Amino acid sequence: TLPSLLLLPPSLLILSSSPQSRRASLKPHSGHRTASPPSSHPPTAAAMKPSSPTPAVGTALHLVKTPNFVKFAAVALLSLSVALLFYHHPSFPSAAFSAFTFASNSSPTAVPANSTSIAANTTSIASNSSSPSSAIPKVKKLPPPPPSVAQRTGIVDENGAMTEDFDVGEFDPSLMEELRDLGGGAEETEKRNEPKIVKYDKFKPCDQSKIDYIPCLDSFERHCPDSTLDCIIPMPNGYQKSIPWPRSRDELWLHNVPDTRLVQDQGSQYSMSVKDDKISFQDGGSDQYLNLVSQMVPEIDFGHQTRITLDIGSGIGSFAASLFKYNVVTLSIGTKDVHKNQIQFALERGLPAMVAGFGARRLPYASQAFDLIRCSGSGIDWTVDNGVLLLEVNRLLRAGRYFVWGGPQVDSNHELSLEDQWKEMGDLAARICWQLVKKEGNVGIWRKPLNNSCYLGREIGAQPPLCSSSEDPDNVWYVNMTACITPLPKDGNGGNVSVWPARLHSPPDRLQSIKMDAMISRKELMKAESRYWNEIIGSYVRAFHWKEQNFRNVLDMRAGFGGFAAALNDLELTSWVMNVVPVNGFNTLPVIYDRGLLGVMHDWCEPFDTYPRSYDLIHAAGLFSDERKRCNFSTILLEMDRMLRPGGTVYIRDTLAVIGEIHDVASAMGWVVMVHDTSEGPHASWKFLACEKRMP
C-alpha cells in the first residue's frame, strides 16, 4: 500500500504540480483522435504510402514518450521518495500533509474550462497507479530497539523485602534546582535560608517580692497565670553557694532560705537549730523509725526490693535523708503551706522534693511508680470523698508493695479520735483489697495485692468500684482523680521488676506497653540510649571535671528512658536526677520508675512545680527542637533560670537551627555561654551549649 499521500484526490496532485505539467495534462490523449484541419497542400505520395511495421525498440520509445507514462513515472518516483523520507524522519508526515493542504487551498490557480477532461485524465491516472503491476512495494519498518534496563535503586528488592544489597543511585543537584524553579520554590528557599535576626534586650530583675515565686501553685491546686515570667528572679540577700553533699544533709546556709519562720515555730519538732549563719539538722528519730519498719516487715528490704519511695507531707525531708544510707531514693512532696517552704528546706539539703497540691487532680507520676509510700502527720483525711485520695495512692503504689501510715501522732489535725481514725482507715483499706501486714503502736503497714483476683471476687455493687477499662492510669497531666480502684495489668507488668541495682539496666516488661513508634526494637533502643549517654557523660567528666563540681540536684528536662540519669549513677556521681517526660512526647514515665529512677510529667510551656534555686545542673537534649512550635524559647529559658541555683550549670544539646537563638536569650539573661562541637565534629548538625549562671 502506498503512503497516505498517494490516497489524496488526483485533482489535488495535478493542481499542486508545476504549470508545465498542468499544460501537458490538458493536451488530448493519443487514444482520442480529433479531426485535423484541412491542409492547403495535397498529400504527397510518401504520405499516402502505408507505413511499415515499427521495430520493438521504437514501440518502447513510443510508450515512454506518451503523457500517461510520464505522469505515472513521476507519481511513482514521488511516492517512493516520500516513503523513504517517512522512514528516516517519523515526524515528517504531519508537516508534509500540512504543506500540501496549504498549497492546494491557497493556490491562485483557476479552474480550467475543460474540467471534465481534467477529471477524466486524473481518473485515468488514479486507475493506472492503483493497478497491481504499477504498485510501489511496501517498505518494512524496523522495530524500535529494546529499552535499556534501568539499574534498581532503593532498599527494597523485587519481592518487596528489605535488603542490605542496594544502590542509592546517582544524584544530579541541577534537577532539584530545575524543580524548584518550575514550582516557584527558589524564592521560598532563599527566604527560608535567610537568618531570622531577633534581638533580645537584657532581661531585668523581678521585684523583690518574687524571691520565692512559684508561678502556678496555690495551696492545693495548680493554676497558671495568664502572663508568663519576663524577668530574672533575684537572689536573697546574703545568699551563698550551697554546701556540697553530703554535708548539706546536716546543715545549710541560713540566708539561702528567705523565710525562716519554720525554724522559729517548729524547730524543735523537726530537730532544727540555728547557729551563726547556718541551720543544723539532727536525726530526730528517723533512724529508729526506719529500723522499726524494717523489723515489722523484713520483706520491704530497703535498697534491694525497695528502691523508690514517696513521702507525703514529709516536712523537711528527714525520712528521705535517713533512707539515702540504704541507697533508697525518696521523693518528698508537700503543699505550699502556711510556712511556705518546707520543700525548699529539703531541696536546699540536697534531697529530692517537689511542691505538689494533693487536691482534686492526679499527681504527675506514673501508675505503679513507688515501691513504698509513707504518710505521717500530714493532716490528710484519707476517708473523705469516698476515699479518693487513698485511691490515688493505690494508683501510685506498685503491685505487692507497701503503704506505711502513722508515726508518733498519726494525724494530730484529724477531728476523730485516734481509735476512730484507725477504724475508718482499716475499713477503707480492706475494701480496696489492701492487707494489713503489721501494726505496732501508731504505725501500720498495708500491702497492695499482686493481681486482680481480690477485686473481681468482691460482691456486686461493692464500693469503691473498679475503674473503667478505657481509663488510662498513666494519663496524669491535668486529669482529675476518680473514686475508683485502678485494676492491675493482667500480664503482671509493673509488679515484676528486678531488684536494685539490676533493674537499672534490665529492660522492664512495661517497656512493651509504651505507646511509641518502635514495636520490636524497644529493648535495643533503651540499651542504646544508655550506652550513648554513658559515652557522653564520660566525656563531660573528663573534659569539664564534673566530679569536682559536686552536682547534687540535677534536672533532665527531656529524659527519654532515663539514660542520662543511669549514666550518672554508673559513673558514680553523687547526684539524684529528676527525669522529666514532656507531655508532647512518648510517655516513658513507667519505664523510668521501673528502672529505679525518679520522674515526673510536665509541659515546658508552663512553669515547673518547684522553688527558685532548686537545681545545681539542668540538662536539655533536643528539648527546644521539640517545643519550638509550642513555646517561646525565652519562656523556657527564663523558667530554667528561675530553677537554677546561682553558680549552677546548664548543658543544652540541640540542632543548629535553634542553638543560635538559645545562645542569644541565654546571654540576655546574664549567663556565660560557650558553644562546643559534639563528638560528631565541627560539621555536625548538632552543637551543645555549656552555660554558667555565675554568682554576682
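An open sheet of seven strands, with mixed pairing, runs in the order β13-β12-β11-β14-β15-β17-β16; strands (E, at least two residues) and helices (H or I, at least four) are DSSP runs numbered from the N terminus, and two strands pair if DSSP finds at least two bridges between them. The model is predicted: local features need pLDDT of at least 70 and side-chain atom pairs count only at pLDDT 80 or more, whereas totals for chains, interfaces and linings use all residues. Residues are numbered from 1 along each chain as its sequence is written, and side-chain values use heavy atoms, with hydrogens and water left out.

Strand β16 is joined by six bridges to β17 (residues 686-692), and the two run antiparallel. Within this pairing, D677 stands opposite K687 in β17.

Two helices lie across the sheet. Helix α22 (residues 633-643) lies across β11 (553-556), β14 and β15, and runs at about 145 degrees to β15. Axes are lines fitted to C-alpha atoms, for helices over the stretch in contact, and angles run from 0 to 180 degrees between N-to-C directions; contact means heavy atoms within 4.5 Å.

N587 is placed in the loop between β12 (576-582) and α20 (589-594). A polar atom of its side chain lies 3.1 Å from the backbone oxygen of D474, and the side chain of N587 also reaches the backbone nitrogen of L589 at 3.2 Å. Beyond its neighbours within four places in sequence, N587 is in contact with D474, I514, V581 and M601.

D474 also belongs to the lining of the second largest pocket, where S367, E471, D472, P473 and D474 are the closest to the centre among 36 lining residues. On a 1 Å grid over the protein atoms alone, a pocket is an open set of points with protein on both sides within 12 Å along at least five of seven lines, a cavity is a set where a 1.4 Å probe fits but cannot get out, and lining residues have an atom within 4 Å of a point. The volume of this pocket is about 880 Å³, volume being the space filled by probe spheres set on the points, which are joined across faces, edges and corners.

The largest cavity has a volume of about 180 Å³. R222, R361, R362, P364 and D609 lie nearest its centre, among 15 lining residues.

Methods:
Polar contact = N/O pair within 3.5 Å; in protein donor to acceptor, adjacent residues only side chain to side chain.
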